Amino acid sequence: AEKVLGYDLLSLCLEGPRDALDRTQHCQPAVFVASLAAVEKLNHLQPEVRGRGGRGGSGRRRLGPARGAAEAALGSLSPQVVERCVAAAGYSVGEFAALVFAGALGFAEALYAVKVRAEAMQRASEAVPSGMLSVVGRREANYKFACLEARKHCESLGIENPVCTVSNYLFPDSRVIAGHLQALEFLQENARKYYFKRTKMLPVSGAFHTRLMEPAVEPLAEVLKSIEIQKPLFCVYSNVDGKKYMHSKHIQKLLVKQVVSPVLWEQTMHSVYERKQGTEFPYTYEVGPGNQLGAILKQCNLKAWKQYKHVDALEDEEAAET
């Protein structure tokens, strides 16, 4: 990773400084590599994983990513993991890791694409004061109307062509809204009016997955044109539409589009776990830093969540079980 990135990523992850690691240009490569490392760890836990597979019969598994991370594996991952994998999905930058695991992208090429993506998104973030607001709303909440009024508020402040839109669909009644900081502050101040139960600014540097990221589109598109992309060995679901990738050109197109499109994670979860009544759910592994996607899965599909486990490359396995 150091040869591709030009800096010591492992040292940055283990020793900091934290503010440097939190910067988009470093955070995205870190999540990507940590996700792949977690799947490599899952490979070494194969005896336990196979034992879990015996419970309830099928043992089929879906690898699921964390935070921006995804299910992914390095070349030495045992063939059994790939052969028994039902599907993969990655949240935001995690989609690159999912595609590496599925054999669609090479590790070094994907890491370089992530590097270019992260640096371009960092520059786009610094161009406009913007951010992301996590919202848990009541059933009456109308997110589109709230965003519309927030944009009108920005226009009254003299901001031209303001941005305020849903950028992430997490689970029922939970969204992330991204855009100009003035719009997000307006929504926080008027949370009760729009039936928002909880709001929280996310510790990110920009309005990701909105048109404020348009300057990052071209650099990523150029890199992906130079990378060989294969058809995935098994189903990988896209953030853009919540559907399976069909072929290499489809992957190239949607990875670029994802930068300025909302992450349809809730919709993706419904697609992945849709099955006939009585059909068993696969085992789900969230690999990478954090277990936020497991919490989201629990809200989207409780039965599927009961077959869930989190794997973190840096976490002690005994501590994880307690």
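**Group meeting talk: buried rings and nonpolar cores**

Let me begin with Tyr91, which counts as buried because its relative accessibility is 13%, where buried means under 20% relative accessible area, exposed means over 50%, and partly exposed lies in between, using a 1.4 Å probe and protein chains only. Before I go on, please keep in mind that this is a predicted model, in which local features need pLDDT of at least 70 and side-chain atom pairs count only at pLDDT 80 or more, while totals for chains, interfaces and linings use all residues. Residues are numbered from 1 along each chain as its sequence is written, and side-chain values use heavy atoms, with hydrogens and water left out.

As for the whole protein chain, there are 16 helices and 10 strands, taken as DSSP runs numbered from the N terminus, with helices being H or I of at least four residues and strands being E of at least two. Of the 322 residues in the protein chain, 53% are buried.

Now to the aromatic rings. A pair of aromatic rings is described by the distance of the centres and the angle of the planes. Here, rings of Phe, Tyr and Trp (its six-membered ring) pair if their centres lie within 6.5 Å, and planes under 30 degrees apart count as stacked, over 60 as edge-to-face and the rest as tilted. The structure holds eight aromatic pairs. One of them joins Tyr91 and Trp265 edge-to-face, with 5.5 Å from centre to centre and 70° between the planes. This pair links distant parts of the chain, since Tyr91 sits in the loop between β2 (85-89) and α7 (94-101), whereas Trp265 belongs to helix α13 (residues 265-273), 174 residues apart. Trp265 is buried as well, because its relative accessible area is 1%. The pair of Tyr273 and Phe281 is tilted, because the ring centres are 6.2 Å apart and the planes stand at 50°. Tyr273 is buried with a relative accessible area of 3%, and Phe281 is buried with 15%. Elsewhere, ring pairs link Tyr143, Phe145, Phe186, Tyr194 and Phe196 into a cluster.

Let us turn to the cores. In soluble globular proteins, nonpolar side chains tend to be buried together. A nonpolar core, as used here, is a set of buried Ala, Val, Leu, Ile, Met, Phe, Trp, Tyr and Cys residues joined through side-chain atoms within 4.5 Å. Which residues have the most contacts inside the largest nonpolar core? They are Phe32, Phe96, Leu99, Leu105, Leu224 and Trp265, in a core of 74 residues. Helix α8 (residues 107-127) gives the most to this core, namely eight residues. The core draws at least three residues from each of domain 1 (1-45 + 77-124 + 212-311) and domain 2 (129-206), with bounds that come from an automatic or database domain assignment. A second, separate core has 19 residues, among them Val135, Ala183, Leu184 and Leu187.

Finally, the cysteines. A disulfide is counted when a pair of cysteine sulfur atoms lies within 2.5 Å, and by this rule the count comes to zero disulfides.
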